[in-house]
Structure formats: C-alpha cells, structure tokens
Amino acid sequence: MTDLIAVPARKPARPQFSSGPCAKPPGYSPEKLATESLGRSHRAKIGKTRLAYCIDLMREVLQLPDTHRIGIVPGSDTGAFEMAMWTMLGQRAVTTVAWESFGEGWVTDAAKQLKLDPTVIRADYGQLPDLTQIDFSTDVLFTWNGTTSGVRVPNADFIPDDREGLTFADSTSAVFAYDIDWSKIDVATFSWQKVLGGEGGHGVLILGPRAVERLETYTPAWPLPKVFRLVSKGKLAEGVFKGETINTPSMLAVEDAIFALEWSKSLGGLEGLKARSDANAAALGKIVAERDWLGHLAVDEATRSKTSVCLTVEGADADFIKKFAALLEKQDAAYDVAGYRDAPAGLRIWCGATVDTQDIEDLGPWLDWAYATVKAEQVAA
C-alpha cells in the first residue's frame, strides 16, 4: 500500500525527534569527547576538576545567580526531584500542581509514599490549571514544561516574592530553552538527556538559599537512603555542589554533557539556545497551521511548549499513531514521534535547540505521507 503514495524525496538529515533522550548537538560524535578522566577515580583531581567544570558551565549557560547551588545527583531528573521531596517536604502543608504524567507522578509520591495529604490542583492534558488557586504558604510542586502534554507555565509571575513555602520546579524540559526567574525558584531539577541532548542516568539539583535553610533546619520524619542525604551534622554537604558526588558518576556522561554545554556557549549561551528552540517550534507551528488534520494539544499558544510539542491527529487512536510512527521509523524519516503512553493519542515532536530547523521543515511532507498511508490502509481493510 505504501507504494501507491509518493514518498517524499528529502529526509531530515537527523531524524531524532525523541523527547528524551533527545537529539545530540549538531556535529556531535563520541570521538570528540575528552577521555582523560575515564578509568580514573571521580575523586581524583582530574575527576573533581571535570565535574566542577561541568557545574560551572551549567551555571554560566543558565545564567544562574551565585545564590543558587548546583549539584550532580543520581537517577536523572526523577532522582533529583525525589531527592528534593524526601529531604525537604513535611515541615508544612504541600500543594501539587499537575497537568500531565510527570506532575501526576509527584502527586502520587507526595500522597501515597510520603503520605502528606497534599492539596492537588489539576488540569486535563492540553490545559494549564488556574495558578491563582495556589496557596504559597504551602510548599508547591509543579512541572515547568509538561513534556507529555506540551503545556508549560508562561513565566514565573504567578509565584509571589513573599511566599512562605518553597517552590519545587521540575524543569527538565524547560532549562536551556526559556528564561527562568531564579529568584522565584527554591528548588529546580533537570537532566542532561533533555534539552542538552546528553546521556541519561544523572540528575541536576539546583537549590536556592531558602531550600538550603530548610535542609539545615528541618529533619524529615522518615528515614533517608544514602543517595538522598544532602546534610551532614546539620549543615549542607557543600561538596556535592562542587563536584563531590554522593555516588560514583559516569565520567563519560559528564564529558558528554560538557561537550553539549561548550556547544551551547558557542551559540552565545542561553540566548542562542532559546533562538534555536523558538525557530524549531515556529517551523513546526507552520506545518500544523497548513494541515487541517493536525492540531496542537496545547490550544493556548501562550502556554504551549516550545520544546516538547504535542500534536493531535484527526481521527487517530493509539493503533493509528503506532502505525504512523512505525512507518516513519522504517523509512528513517523520523524516530520516536508517538505521543507519551499515558497522553491522548497523538504525536510528540521535540523542538529543543539540538534539533536543526531544516529537519523540522523536512518533516512536514513525511507527516503527510504517513497520514495518507495509514488512512489508505484503513480504507483497504
């Protein structure tokens, strides 16, 4: 049946459109990574130096103020966010804000694992909750950019300067792509495998001064695993935020992240990364606008992700999307574009900075081809 429909002549040069792990930076190859730290102890001078350099690069590219600490921790973004929850929650009431799968995961952990009876503010996929409902006398957990729904907070204006509780921002699809007002964020987490296109397995934990104060003045009622412990003898374990990791990191993953961060600097840092992501989202938006069978799951453009863009496909169910994505992968035209398993059936196209805009533009005809092919197969059946 695919032979009856014209196959586009041009393919995306790099068909990696996965929302995590994401495409590597343009020009990447493993041979370009520094390897002097491999096979050495991460506690040797060379290991500590490279870990500290990675932290310094993240601070520079993120334009993170000196008031905030950066630590490399185990378990990717999930591990970093769990570490923050388990070490700091429980002193005061908790509000969780959820509009997609990962936000719902934090609801589950707060309610069922930590048994904190949180106030839950929800919205359906494609929508952002009413952020004015949030009581900032409580600790507040939210996802800055909903990777599985394509919905993000537009900015940090909804967070008051005089908040009493801490703000915990799962920022893994947001950092390096948006401006973030760090004065409003007490805890942020992310992983290199998202916007930087780095390797998975490592998380990054950012702590503002109010979070440090909480860690040093509050001890949770529950026991903490060793990999979660950020305090020693009542004081913050400062070494964690200087490259002295809690457990053994992969120095290969660290060197991979350093490559991506140095590439980011070559673009002009955060501004260059944002410009690439914005251009990619605009290119995909043009594709959607020109096709009546495609739509955005996030209807409000002001809260629509510019990184993990989630699309609706007219008349599609999960089986349709599975066939659609499989056709594109078989042709090496696009990899990993099916929507998240818990989200409404649709497509998800990563538009972060490591993707080239020309590849987004070249994707359009392939989406047409896959849609027409699956439709024709349905008619023939």
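Buried residues account for 57% of the 381 residues in this chain, where buried means under 20% relative accessible area, exposed means over 50%, and partly exposed lies in between, with a 1.4 Å probe and protein chains only. This is a predicted model, so local features need pLDDT of at least 70 and side-chain atom pairs count only at pLDDT 80 or more, while totals for chains, interfaces and linings use all residues. Residues are numbered from 1 along each chain as its sequence is written, and side-chain values use heavy atoms, with hydrogens and water left out.

Overall build, then. The chain has eight helices and 14 strands; these are DSSP runs numbered from the N terminus, H or I of at least four residues for helices, E of at least two for strands. Its radius of gyration is 21 Å, close to the 21 Å that the globule rule gives for 381 residues, so the chain is as compact as a globular protein of that length. That radius is taken over C-alpha atoms, and the rule is 2.2 Å times the number of residues to the power 0.38. Along the principal axes, the C-alpha atoms fill a box of roughly 70 × 50 × 35 Å.

Of the contacts in the chain between residues at least 6 apart in sequence, 74% join residues at least 24 apart. Contact here means heavy atoms within 4.5 Å.

Now the surface. The chain exposes about 15,800 Å², and carbon and sulfur atoms supply 50% of that area; the areas come from the Shrake-Rupley method with a 1.4 Å probe, and for residues only the protein chains shown count as cover. As for charge, the mean positions of the 40 positive and 51 negative charges are 6 Å apart. Lys and Arg count as positive, Asp and Glu as negative, and His and the chain ends are not counted. Each charge is placed at NZ of Lys, CZ of Arg, CG of Asp or CD of Glu.

Glu255 sits in helix α5, residues 251-266, and counts as buried at 3% relative accessibility. Beyond its neighbours within four places in sequence, Glu255 contacts Leu33, Ala34, Ser37 and Arg50.

His68 lies in the loop between α1 (45-62) and β1 (69-74), buried at 4% relative accessibility. Outside four places in sequence, the contacts of His68 include Arg59, Trp182, Ile206 and Pro209.

Thr167 is in strand β7 and is buried, with 1% relative accessibility. Thr167 and Asp139 are 28 residues apart in sequence, and their C-alpha atoms are 6.0 Å apart in space. With neighbours within four places set aside, Thr167 touches several residues, among them Phe136, Ile159, Ile185 and Val187.

Ser171 is in the loop between β7 (167-170) and β8 (187-191), and it too is buried, at 1% relative accessibility. Which residues does Ser171 contact, leaving aside neighbours within four places in sequence? Trp144, Ala188, Thr189 and Phe190. Ser171 and Phe190 are 19 residues apart along the chain, with 5.4 Å between their C-alpha atoms.
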